[in-house]
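Subject: Structure handover

Hello,

Here is the structure you asked about, with the sequence alongside. My notes on what turned up follow below it.

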Amino acid sequence: MTKKTKIKKTKIKKPIKLSTIFSSIVLFLMVLTLTVAATGFAYISSVIAKAPTLDPADFESAQSTKIYDKDGVLIADIGMELRDIITYDELPQTTIDAFLAIEDSRFFEHNGFDVPRFIKVSLETVKTLDFGAGGSTLTMQLVKNTYFGSIEQIEAEGNSIIDKINRKIKEIYLALEAEKVLSKERILELYLNKINYGVPANKRGIQTAAQYYFGKSVSDLTLVESALLAGIINKPSTFNPLGNSNPDINYLQESIDRTHQVLYLMVVHGYITEEEYDQAVKINIADLLVGSLAATANTPYQSYVDTVINEVIKITGQNPVDVPMVIYTSMDRTVQDKVESIQNGDAITWIEDRLQMGVITLNNQTGEIIAIGGGRFYNGERLFNRATDMYRQPGSTMKSVLSYLLAFEYLGWSTKHMLSDEPYSFSTTNPEMIVGNVNGLYQGDVMLEYAFGWSLNIPAILTLKQIVSVIGSSAVVDHLNAMGFTDVTLGKGDMAFDLGYAIGGSSLRISPYQLAGAYSVLFNKGQYIQPHTVTRIEFLDGTQPLVPTYSKTQVVSEDAAYLMTRLLINNLKGEYYVGYKKLRRDYTTFYKSGTSNWGKEGAQYGIPDNSDKDLWLVSGTPEFTTALWIGFDNAVLGKLSYFNATLQKKGYRENISSMILDSIYSTRNKPADLEKPAGVTSITHVVGIFPYVSILPSMNETLAVQGWIKKSFASIPQLTVPAVYDPSTMTLDLQPNGSLKHLTVTMNDYPDPLALILAPNTREMSLTVGNVTVTSVGKRLFDYSWIFGPIQYHARIVVDGVTVSTLNSATAIMETDLDITPANSVLVCSYYGYETAPDHSAEICEPVNFANMTVTSPSITTGGSISSLEAWLALNGLTNYTITYQMPPTTDPTKLGTVASITNLNTNTTYTYDQLSALHFDIVVYDKTINLFSDFIGNAYARPSYYDYLNYTEPLVGATVNTITVNYFQVDATNSTFKLSELYNAIQLSSTRLKFN
């Protein structure tokens, strides 16, 4: 022999506790002993007494399981026309040998129970603890399939060890009884006519299989063809060479390996020679096949029927294919017919054969599945059902049942919440982890309805990040599990939760079945009901009928669920994706789409970067939800494996969903919208501020929004002026400015320079990850400056305890002129504050210090007017001087009132106030103080010595002076002292201003 087929190793089972192992071994050995020893007769008798009564007619009974739709109309008769019967005489010897070699090599030698083989298998059973499995003869298999169910059914039962041992005893007993009334040839004939070979449309029997796979009768089968059929029956879902339902299985190769294994055992048991084996394994099995699943017309309702069968097996532990039942389901024939016509290409044109679909429609309030589409070319039972068994990244469809739903529940959001769509990354070093939107843009500030409607990614991720910070990752995983995504875990693993789940990415993989179930929660008061097809099961053996019950699990509050439905319904009301407007009706409808892409992994198949891989759409009404997937099972080099522009334009998602929606309500009344729960109310709040605040009466109404919110979060305070930073430094500078003082106040720059301007309606955004920087400009929907104005610099001037002025400036430098002197107490207090709000930061207060004020001396001192000098001294608060007077050296009257000399003061020189204050000025003035009253009144006039400086009409010498008028004022004892310069100036103005009488 030149080649041997590999025998697959048995999978290692999980460790079992020592006590369980010991008990199981003891129990098995005890029962095994009872089986072969006289002492076990009583036990065996009690088990056999419960076995079914053997009737040879049962092996070819016409009874079959019938499945009905919601209206009681027959959907499927499992067993009707299952097989084309052949007789033993029509079987080629090679066919008989192939089946015996792989299934029961001593078939013609034992009496229905192969003791040596059973003992061998039993010893293996003790090692593996897989009790009740293996060691079955063909007769026992025929008995098992007839009375106890198929291999798949028994594996699904998961019964106890005792149950499995008891069943095995019954099988042995019934096999022995069968061999008493049936010949070996008849048993083999019945067996080969009964079993499943993986042929489409529930077909059974070897004749049907021969015609399907090879296009010939059983009598014409060759050695290799016989071996292939013998190999298939162990696991038709894997060893069918024409299978195409699961893209992860290479069906042809699995079948080839299994066929070679059968041929190898035929050599071992002496049915063929090694030379015949060598020739047989060289034959190209693919060349022998003529059947095609794709070429066979779709079996009506098969994907729904398969779902029913799987569900019944889980409920009852019995396979309806083998155990006759009557099963009532929720299938809506009108909707299912539409799904069938879509899959078959009757209702829609599929322009690409590789394009696949999976769809499921269910009742939100009951969880009943009314229609299932398992995929195109769904031609045989128990195939790969893309509605229930296919798991893919769901994309943005997760936003409804994860981020935003939990935000309503735990964060207290309203439906008018504002979010940020800005550059974001899961990594600080890997640029490939930068998250983008489908259009490659970042919007900036966005309202929740907008973010959801346009399916923006970053807001959803940031929302989930906030949720995790509030309730923790464990609570989020519990939520997902409760929504039906039971494979999601915390920590590490194939379905380990992370923030990428917010957009249906990372490791998340779900089925349309799961997605529909999760969405139904939103329209069912927050309650999850496991999606199901079966409403009642009746057993033909008289067993009590079974009506499955499905409990409701409160996943989220009714209030949060209702708020999420408002976003879903708004998706169709808003002006978002144009194509989905096809789902608009004159009754309440909703939708949410989702997309996953190939990323860079598709390059090996010639797929452009980030091309669309999976398209999802969840749509429906408050009564029904439809979850639809469209995509490719796998990527194949050289074949279209992504959604190119042509496929995108076909609009499969919206067209298919629209057709299903129409079919649902072709016979139903239009649905009403959900009633608003008592726990939901509306609030008006300022956009962009969270936690929410109510508006001020004087506010711009465009900055207010009204949204729905859970009533427990509806109590909100009124808007208050936000706190501003406190100043840290202030400098003051004082300088003379004519008769005033010029004050300059300089504050430290405000920490947030953008707060100093009226915010624009755009936002500049930037993110650097590794060596990549992403920048974008987006919208700004709110800023405090739009209500209170920008931040300004303020200063309050306090003179002698009274605030005399307040300065406002957009810059850190403020200036003003003050009428002050060093004699005044001057305090300056600076602070930051909004332009129009009275609230402000803390103040920094400092006194004005004159010491360093710079003063420039007059350009003329000696020879200048004493009045000008005195004004300069007074202006600068200087009192540190004395004035003495002397007559000018000449009689020039213009010298009167001028400075003769001054000490310690240079002309046109800059001093500080401290320097001037430290000096003393001795001033000599050309002038004389005279007292007209004491000199003249009541006295005889005598010419005074200062007469030469004056020019006026004087009285006669010796005449008595009674009155004197100067500047029209009468001179008396209190009003008579003048400077000579004053008299001179008065006379110069008018000689009559000085009169003697």
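The buried residues of helix H5 are Leu138, Thr139, Met140, Gln141, Leu142, Val143, Lys144, Asn145, Thr146, Tyr147 and Phe148. That is 11 of the 11 residues in this helix, which spans 138-148. Please keep in mind that this is a predicted model.

Strand E1 (residues 65-68) pairs with two other strands. With strand E2 (residues 74-78) the pairing is antiparallel and made by four bridges; Tyr68 sits opposite Leu74 of E2. E1 and E2 make a hairpin with five residues between them, and Gly72 in the turn has a positive phi of about 80°. With strand E3 (residues 325-329), E1 runs parallel, joined by three bridges. Here Lys66 has Val326 in E3 as its bridge partner.

How many of the five residues of strand E29 (residues 898-902) are buried? Four are, so the strand is largely enclosed by the rest of the structure. E29 is joined to strand E31 (residues 921-926) by four bridges, and the two run antiparallel. Ser901 is bridged to Val924 in E31.

Asn904 belongs to the loop between E29 and strand E30 (910-912). Its relative accessibility is 45%, so Asn904 counts as partly exposed. Asn904 also has a positive phi, about 65°, without being a glycine.

Other backbone points to check

Most residues other than glycine have a negative phi, and most peptide bonds are trans.
- Tyr301 has a phi near 65°, a positive value in a residue that is not glycine. Tyr301 is in the loop between helix H13 (274-281) and helix H14 (302-316), and is buried, with a relative accessible area of 9%.
- The peptide bond between Phe690 and Pro691 is cis, with omega about 0°. Pro691 lies in the loop between strand E16 (680-686) and strand E17 (704-710).

Strand E33 (residues 964-966) and E36 are joined by three bridges, and Thr965 has Lys995 of E36 as its bridge partner.

Glu954 is in the loop between helix H27 (932-936) and E33. Glu954 and Asn997 are 43 residues apart in sequence, and their C-alpha atoms are 9.8 Å apart in space.

Asn363

Asn363 is part of strand E4 (residues 355-363). Its relative accessibility is 16%, so Asn363 counts as buried. Which backbone nitrogen does the side chain of Asn363 reach at 2.8 Å? That of Gln365. A polar atom of the Asn363 side chain also lies 3.2 Å from the backbone nitrogen of Thr366. Not counting residues up to four places away in sequence, Asn363 touches Glu368, Glu623 and Phe624.

The second largest pocket

The second largest pocket has a volume of about 1600 Å³. Its lining is made up of 47 residues, of which Asn457, Thr595, Ser596, Asn597 and Asn610 are the closest to the centre. By type, the lining residues are 16 nonpolar, 20 polar and 11 charged.

Several elements each supply at least two residues of this lining: strand E8 (434-435), strand E13 (590-597), strand E14 (612-620), helix H22 (645-650) and helix H23 (652-664). E13 gives the most, with five residues.

That is the end of my notes.

Regards

Notes
Residues are numbered from 1 along each chain as its sequence is written. This is a predicted model: local features need pLDDT of at least 70, side-chain atom pairs count only at pLDDT 80 or more; totals for chains, interfaces and linings use all residues. Side-chain values use heavy atoms; hydrogens and water are left out. On a 1 Å grid over the protein atoms alone, a cavity is a set of points where a 1.4 Å probe fits but cannot get out, and a pocket is an open set with protein on both sides within 12 Å along at least five of seven lines; lining residues have an atom within 4 Å of a point. Grid points are joined across faces, edges and corners, and a volume is the space filled by probe spheres set on the points. Ala, Val, Leu, Ile, Met, Phe, Trp, Tyr, Cys and Pro count as nonpolar, Asp, Glu, Lys and Arg as charged, and the others, Gly among them, as polar. Two strands pair if DSSP finds at least two bridges between them. Buried means under 20% relative accessible area, exposed over 50%, partly exposed in between (1.4 Å probe, protein chains only). A polar contact is a pair of N or O atoms within 3.5 Å; within protein, one must be able to donate a hydrogen and the other to accept it, and residues adjacent in sequence count only if both atoms are side-chain atoms. Contact means heavy atoms within 4.5 Å.
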